[in-house]
Amino acid sequence: MQLTLWTYEGPPHVGAMRIATAMKDVHYVLHAPQGDTYADLLFTMIERNSRRPPVTYTTFQARDLGGDTAELFKNAAREAFERFKPKAMMVGASCTAELIQDDPGGLSRALDLPIPVVALELPSYQRKENWGASETFYQMVRALAGPAGAKAPRAEGQRPSCNILGPAALGFRHRDDLREITGLLTQMGIEINVVAPLGAAPADMARLRDADFNVVLYPEIASLAAGWLTRSFGQPATKTIPIGMGATHDFIMEVAQLAGIDPEPVLQLAEQRATWYARSVDSTYLTGKRVFIFGDATHAVAAARVASRELGFKVVGIGTYSREFAREVREAAKLYEVEALISDDYLEIEAKIIELQPELVLGTQMERHIAKRVGVPCAVISAPVHVQDFPARYSPQMGFEGANVMFDTWVHPLMMGLEEHLIGMFRGDAEFHEDAAPSHLGGAASPRAAMAPARDPSQGHAQDPLQKQPAAVREAAIEAEQAIAAAARTSTAATTAPTPAAEATWGADAEKELRKIPFFVRGKARRNTEIYARDKGLPVITIETLYDAKAHFSR
């Protein structure tokens with residue numbers, strides 16, 4: 001564990017909470033101090049659930065450590081069963097309570113409750129949230145799915161059926177992805193046997209064995225359980241994640257093969273509105289855009305495929321905080337001839353973004369903050385996310401509609417960047433500067449707008465307010481400006497001559513020209529020009545230096 005301002009994943013007991021919150025008629029008794037109850041806010045404030053998580057905390061305090069904390073846990077478990085009457089119960093310890101070693105599993109067995117009790121052993125100091133969710137779901141499946149045994153062959157004429165595994169609480173667009181994929185599978189004539197863990201009760205878990213195959217939507221959560229179902233009941237599982245047009249097509253083909261049906265009718269009904277734009281003349285502005293991608297492994301790998309193959313972007317970096325899936329991300333990185341970044345240190349990710357200088361960042365909530373700080377457009381593609389990425393509207397990432405949503409989400413930041421650049425270019429114009437009245441109001445300008453520089457139609461640029469002053473005042477002002485500029489040049493030469501390696505200073509004309517460059521690549525232009533000037537030993541950066549640097553780095 002480390003002390004940090006930001007973490008991509010919480011401790012593993014938060015992952016267990018995600019499974020408990022997703023399921024029905026399940027209660028989680030967590031041996032934890034009073035401070036660990038913060039996790040409730042993740043579900044009520046961030047995800048905006050209408051009910052609090054089904055979790056009972058023992059909430060022991062410092063003074064309780066000198067007493068019997070084991071009895072405190074037993075009382076909490078007993079009272080939770082009597083009050084909530086769950087059909088199954090999970091018990092475990094938070095990272096702090098783990099140090100006490102009270103053994104919640106053994107204590108719960110001593111209570112002899114008349115329901116299944118799943119004891120979770122989640123090593124808080126070696127593992128994190130997604131692993132905790134995966135391990136919890138796996139243990140719940142093992143405990144509730146029944147004894148191993150081969151499934152009876154499907155009767156002739158019976159429709160194929162599948163389980164959908166992976167959707168959970170606090171997942172990135174899990175609710176909408178589930179709706180999209182459920183509709184897609186129904187169109188294919190496949191029955192949905194059980195969706196788990198989201199919305200599944202203990203009785204539903206006992207029916208997992210009845211399906212012909214499993215659809216794994218989120219491997220970080222469901223791959224471990226899907227592997228056990230394959231070994232125990234002979235159920236194959238899908239490997240393709242249907243994010244993007246191409247992957248959705250491949251997913252349909254894979255599902256059709258597992259179900260023994262014809263995929264063509266569904267493929268012909270596919271609706272998408274993004275591919276045509278990617279092939280249009282208008283999209284040339286987007287072609288070759290440099291994109292950096294970071295998130296959980298599933299969404300990062302899928303986003304890289306969409307960005308490269310479907311939108312014509314250039315992937316300059318890809319990474320994940322999911323160390324358990326580092327191999328998959330490294331394999332994907334080879335396709336784009338980049339080195340995968342496997343890290344959960346947000347400062348390392350920020351440094352990489354600054355180094356690569358992308359034109360678009362696709363990441364988590366933290367990458368949104370990083371991109372804003374360095375002035376690069378960003379779109380969120382993966383958890384962890386904040387409240388704005390749990391929209392009230394229908395907004396999937398998977399399936400054909402998910403491809404449309406992703407297109408909008410990714411392209412709009414780039415187009416808005418172009419619009420902001422155009423606004424900046426004309427900011428000094430008499431009609432468009434920030435104090436000008438709206439053009440449709442005619443002459444109803446504010447007093448501040450009246451003070452704006454007047455426009456000279458013959459010159460095509462704003463008149464200098466100094467021109468309205470008497471000749472003597474204008475001459476004195478011009479002489480003062482020339483004296484200040486001469487002193488600045490003398491001072492610059494004096495300070496830079498002895499030390500050729502010193503940073504070059506920007507001339508006023510070059511600074512003005514630099515502001516004409518779009519803001520989302522302005523930083524790169526500034527850095528490249530300063531490097532060029534330093535290498536050439538130039539003390540002052542002029543317009544000529546700016547364009548020489550551009551030509552140098554464009555070779």
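Biologist: Leaving aside neighbours within four places in sequence, which residues is leucine 185 in contact with?
Modeller: In this predicted model, leucine 185 is in contact with Cys162, Ile164, Ile190, Ile192, Val215, Phe251 and Val255, once neighbours within four places in sequence are set aside.

Biologist: Which nonpolar core residues have the most contacts inside the largest core?
Modeller: They are Leu185, Ile293, Phe313 and Trp410, and the largest nonpolar core has 57 residues. There is also a second, separate core of 51 residues, which includes Ala20, Tyr28, Leu30 and Leu122.

Biologist: And the protein as a whole: how many helices and strands are there?
Modeller: The protein has 21 helices and 16 strands. Of its 555 residues, 48% count as buried. Among contacts with a separation of 6 or more, 70% come from residues 24 or more positions apart.

Biologist: How many disulfides does a search of the whole structure find?
Modeller: The search finds zero disulfides.

Biologist: Cysteine 95, then: buried or exposed?
Modeller: Cysteine 95 counts as buried because its relative accessibility is 11%, under the 20% limit. Cysteine 378 is also classed as buried, at 19%.

Biologist: Let us turn to helix packing. At what angle do H5 and H8 pack?
Modeller: Helix H5 (residues 129-144) and helix H8 (residues 219-233) pack at about 30°, and their axes are 7 Å apart. H5 and H8 are therefore roughly parallel to each other, as angles under 35 degrees are counted that way. Their crossing is right-handed.

Biologist: Which residues of H5 and H8 meet?
Modeller: From H5, the residues are Asn130, Ala133, Ser134, Glu135, Phe137, Tyr138, Val141 and Arg142; from H8, they are Glu220, Ile221, Ala222, Leu224, Ala225, Trp228 and Leu229.

Biologist: How do the axes of H1 and H5 cross?
Modeller: Helix H1 (residues 12-22) and H5 have axes that come within 6 Å and cross at roughly 50°. H1 and H5 are therefore oblique to each other, and H1 passes H5 in a right-handed crossing. Pro12, Val14, Gly15, Ala16, Arg18 and Ile19 of H1 make the contact with Glu129, Asn130, Gly132, Ala133, Thr136 and Phe137 of H5.

Biologist: How many residues of H1 are buried?
Modeller: Eleven of its eleven residues are buried, and H1 is thus described as mostly covered. The buried residues include His13, Met17, Arg18 and Thr21.

Biologist: What about H14 and H15; how far apart are their axes?
Modeller: The axes of helix H14 (residues 346-356) and helix H15 (residues 365-374) are 10 Å apart, with a packing angle of about 45°. That makes H14 oblique to H15. On the H14 side the contact involves Tyr346, Ile349, Glu350, Ile353 and Ile354, and on the H15 side Met366, Glu367, Ile370, Arg373 and Val374.

Biologist: A change of topic: where does glutamine 397 lie?
Modeller: Glutamine 397 lies in the loop between strand S12 (378-380) and helix H16 (399-425). It is buried, with a relative accessible area of 3%.

Biologist: Not counting residues up to four places away in sequence, what does glutamine 397 touch?
Modeller: Glutamine 397 touches Phe172, Arg173, Asp177, Pro242, Ile243, Gly244, Gly402, Ala403, Val405 and Met406.

Biologist: Now the backbone. Which peptide bond ending at proline 197 is cis?
Modeller: The bond from alanine 196 to proline 197 is cis, with omega near 5°. Proline 197 is placed in the loop between strand S6 (191-196) and helix H7 (202-205). A cis peptide bond also joins alanine 383 and proline 384, with omega about 5°; proline 384 lies in the loop between S12 and H16.

Biologist: What is the phi of glutamine 101?
Modeller: Glutamine 101 has a positive phi of about 60°, although it is not a glycine. Most residues other than glycine have a negative phi. Glutamine 101 sits in the loop between strand S3 (88-93) and helix H4 (104-111), and at 69% relative accessibility it counts as exposed.

Biologist: And glutamine 357: buried or exposed?
Modeller: Glutamine 357 counts as buried, at 17% relative accessibility. Its phi is positive, about 50°, and it is found in the loop between H14 and strand S11 (360-363).

Methods. Residues numbered from 1 in each chain as written. Predicted model: local features only at pLDDT ≥ 70, side-chain atom pairs only at ≥ 80, totals over all residues. Heavy atoms only, no water. Core = buried A, V, L, I, M, F, W, Y, C linked by side-chain atoms within 4.5 Å. Buried < 20%, exposed > 50% of the residue type's maximum accessible area, 1.4 Å probe, protein only. Contact = heavy atoms within 4.5 Å. Disulfide = S-S within 2.5 Å. Axes fitted to C-alpha atoms, helices over the stretch in contact; angles between N-to-C directions. Helix = DSSP H or I, 4+ residues; strand = E, 2+ residues; numbered from the N terminus. Parallel < 35°, antiparallel > 145°, perpendicular 65-115°, else oblique. Left-handed = near helix turned anticlockwise from the far one by under 90°.
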